[in-house]
Amino acid sequence: MTGEQVRWSAEQVLGLAPDAASRKAGIKLSAPGPWSGAARRGDSLWGLCKGSGSKPYMTAVDLADTAVPGYKCSCPSRKFPCKHALGLLLLWAQDSAGTAVVSGPEPPEWAEKWLAGRRQRAEAGAASGAGAPPVDEKAARKRAERRSQRIADGASELERRLGDLVDGGLAGAERLGYAAWNDMAARMVDAQAPGLAARVRELAAIPSSGPGWPSRMLTECALLHLLVRAYPRVDELPDSLAATVRSRVGVPVDSAALIAEHSGAGTLVRDHWLVLAMKDTQEERLTVRRIWLRGRREGRTAMLLSFGAAQRTPELALPPGSEFDADLAIYPGGGQLRATIATHHGPLASSGATPPGTTLAAALAEYGGALAEDPWLSSRPVVLAAVTPIPGERGATDDPVTAGDTGWRLADTEGAAVPLRCSGEKSYWRLAAASGGAPVTVFGEIGADGFRPHTVWSDGEAVEL
Amino acid sequence: MTCAAPTGDADSATDGGTATAEWDELVGAALLGRERRALPGGSGPALLVLAAVRTVRGRAGLTPAAATGAPEPAGADPRPPLPRAAALRLTHLVRYALRSTAARGWNTTGGDLAALAPEWLEIANEQGYRPPPWQIPELLDAARHRTDLRAAVLTFAGPRGLWLAALRPEWRFALRAAPAGTATAASGSGQPGSKGSDGSDGPDGADRAERQRRLWEEGLFAERVGALTALRAADPEAGRELLVSTWSQERAEDRLMFLDALREELYPGDEPFLEAALTDRGRTVRATAAELLSVLPGSALAGRMAVRAGACVALDRTGAYSTDTLVVEPPPECDAAMTRDGVVAKPPQGRGERSWWLTQVVEAASLGRWSAHLGGRTPEEIVALPVADDWRDDLHAAWSRAAVHQRDAAWARALLGPPDAPVAEAADRAATLLSLMPPADRTAWATGFISAKGLTDAYRVLADCPTPWPPPLAKAVMGGFHAALRRGASHPNHYSGVLGLAQQHLDPAVGRALLSVLIPEADRAVEVEAEAAEKARREAAAAAGDASQPAPRRGGGPTRGEQWAAAFRQLADTLELREVMRAELETRPAR
């Protein structure tokens, strides 16, 4: 993980920006003009950036962990990374002549201090992870039991409420209003079942989601009902399904323990992972970042999750179209394909590869098969080869929830088609433009309501939609 | 068929209609509740179990629908893709520089991408690159807002751009504005729904003529102007005939605009139509017709005006002057014939009516007739003649406007005179005359003008000079900045227009060499300012008898020297950015 850092691409750097304004500001600062003493040694990058004040800002970046770079800057910005860090990275990324960012000098004291501190903490963290003191297993088990009991109580309360809702008629749900659902969601949070809370909040939005809402409401109520009924009997279920139920309810899995377990059992999965897509969604004041990967050797698909609280960007940043060699630890409950990175074996590199894909019928069949392991799956990530978008008659609407059918379809070369669902009008047209009416490779999620594209490969380049 | 139905999770291809009916039954019962309906399964919870089973079973058995209505694929774009670095630059341009409607002026932070967009597009088109296809929607949006860049952007967007434009109403403008014969022709069958062809005869040609007529008869005003302009460019006679066919039914303001659309290029065949328009009901229509006739080479109106002008302006024959002198006798009245030829009888306020008539007559008279009238003199010789009784300014101003209307470079050069001549209102008039001259003469004149007079009036003179500025002009402009820096009171914001032009038009290498002198000079000015401030502080302290008195707080904002230093650095940054940008585009793709 140490040694000479491969020069990043500018796209890779821009992928780290927390928002469009930062991206723009970063680009402005990527000219050599405002910088002095910009230099790099090994995995460290630093420089002084002239701001509006008399003292320049001191900016440093630590690239030791390619997926999670560290940033330090003396500017007062609360954005993370700030525009100075982005500007410095861009300066380096675009400096192929090596004139703007000098290579090899000793870091100045302010940078050295921060870098050394950061590496020490990282090593300490790694050490404690590896040789962690044995935890008090008895106390831990007791805590788990207590938690399990609270969830079971919450689940049976929710089960009763859902039964009552149908007994009284779903028509009543329309009059129920957000407050009642919010109370219910809060109860589930108290019961330490955040997964149930999130589903309850989603129910609240359905009655106002336009025509056909009773059908959607019944679907979601039925699936939630299935989940709360499954939880009390989770111990009787097959391992994989039990793990699915726990994760759907919201029981957290300690990723460090998971990595330790897999590496002990020799079940880590090593491959060259191609980054298929990176998508952020806002969920309850939290930015949730999903990164989908595909192993080049084994063709396995995996999803990494990363979270950013408040204004911060999730730390994990892997731009689509890049590739890295790493061990992954796969979470139990295979339907969701969740994984976490255990060990990197090399830096992030950009890849010109277009991944192999499948047909629509095969993709839907795969989704259907995955439901056996996880009946709550609403979609399945899949790479489709040779598919063509067909523009809709009615134009595209921007809201994925209330949107009816836009009429857009995605067709494959076997003459099959599914509804196309993009998160915004721009994405539909970008996909159409990339295709030009000819077949392209697309990555996205296929499910009951159609296909949601995330990435299209155009001219060998991964383009985010 | 499941996927085809928006809500239709639960119906599956295998048991089709029955499954849908079953699901609808479940939804209906759940909606009404136990009191109003016998619930399948007997209770709410039991109904939910049934619904869960139906949902998961339906989802597990999903199959795709049959595809219909795929558009014709886009025509092939044979141009090579942009080099990688240039493609990234394009992303920045599209995101940050092509959005705003107004072209921006001098911007004091960071290299200014917006100012560089036109040059970027020009080079990209010159080199014949195609954009990454996925960026074309944003390019079309940009073309929609930036009419100044529309032609360049659409050329760059190429056949895929037209293919997309045909699919989306917001982009239809691109089909109308398509650069004739380039991308349209290349796209061949690429446009959905049309078998596009660029031939003007055969069934396709007839088709096109029919479409044009329909657009002319039913289109919106802007579309009609577009149709007229396009047809005029392809076939001037047909274009005029199209206009004549509906002329009498058009509203006066539309007649004016259509007439204006002919201005681009006039043909001798247009004369009868324009002559007829001299008696139009609308006053402005009449005036425009007269103006067009006055610039139509050899038109009867220009001839009539030349006769009138000749009667007013002649060489003195009385011998009252020691050298050959022009004497001016303005028209005594504005008769009906003059009015018919577009002379406006009533002068604007503050203007004598006879001089008003004179200038209109001279302006509309064919410039080519003066030489014969004035003893075979060249334009230079005519312009050099003394003019009696203070008529010189009026006469020369009228000739200048005539030179502009008639696009007469020889007269323009004569009227411009040497660039260092101390002529009043020169900059304004010069700029328009300058635009008539060949580029090399233009820059040479501008160089002389700026060397002699500095940058104060330079903006309009420079605006029409071609890119890149040749070294002598670059040197003159930078010399102007240097002089401004050394002169006490001038700030760079007084020169923001010229600075903005410099960042777009300076050759980067030439600019860098010149700036390498200017930047240290500005830094020295900053030092001098600091020393002066320190000296003032010490003197103030001595006067107050307290050497430890703190330096007086400087009023906010950078000093004059600092502003110049920042402006020069900004200019250097932008030039560097431009050089990088050009290098990116000029790398041939490795393939």
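Which residue is the bridge partner of A417(A) in β1(B)? I looked it up, and A65(B) is the one paired with A417(A). Worth noting before going on: this is a predicted model.

**Strands across the chains.** Strand β14 of chain A, residues 416-419, is joined by 2 bridges to strand β1 of chain B, residues 65-66. The two strands run antiparallel.

**Contacts and area.** On the chain A side I get 70 residues in contact, against 62 residues of chain B. Together the chains bury about 5300 Å², and 64% of that is on carbon and sulfur atoms. I also looked at who contributes on chain A: D167(A), L218(A) and W429(A) supply 12% of the area that chain A buries against chain B, more than any other three residues.

I went through the salt bridges and found 4 across the interface of chain A and chain B. One of them links D459(A) to R130(B), with the closest N and O atoms 3.0 Å apart.

**What the chain A side is made of.** Helix α8 of chain A, residues 213-230, gives the largest share, 13 residues. Sorting the side of chain A that touches chain B by residue type, I get 37 nonpolar, 17 polar and 16 charged.

Terms used:
Residues numbered from 1 in each chain as written. Chains lettered and ligands numbered in written order. Predicted model: local features only at pLDDT ≥ 70, side-chain atom pairs only at ≥ 80, totals over all residues. Heavy atoms only, no water. Contact = heavy atoms within 4.5 Å. Buried area = accessible area lost by both parts, 1.4 Å probe. Salt bridge = Lys/Arg side-chain N within 4 Å of Asp/Glu carboxyl O. Helix = DSSP H or I, 4+ residues; strand = E, 2+ residues; numbered from the N terminus. Nonpolar A, V, L, I, M, F, W, Y, C, P; charged D, E, K, R; others polar. Pairing = 2+ DSSP bridges.
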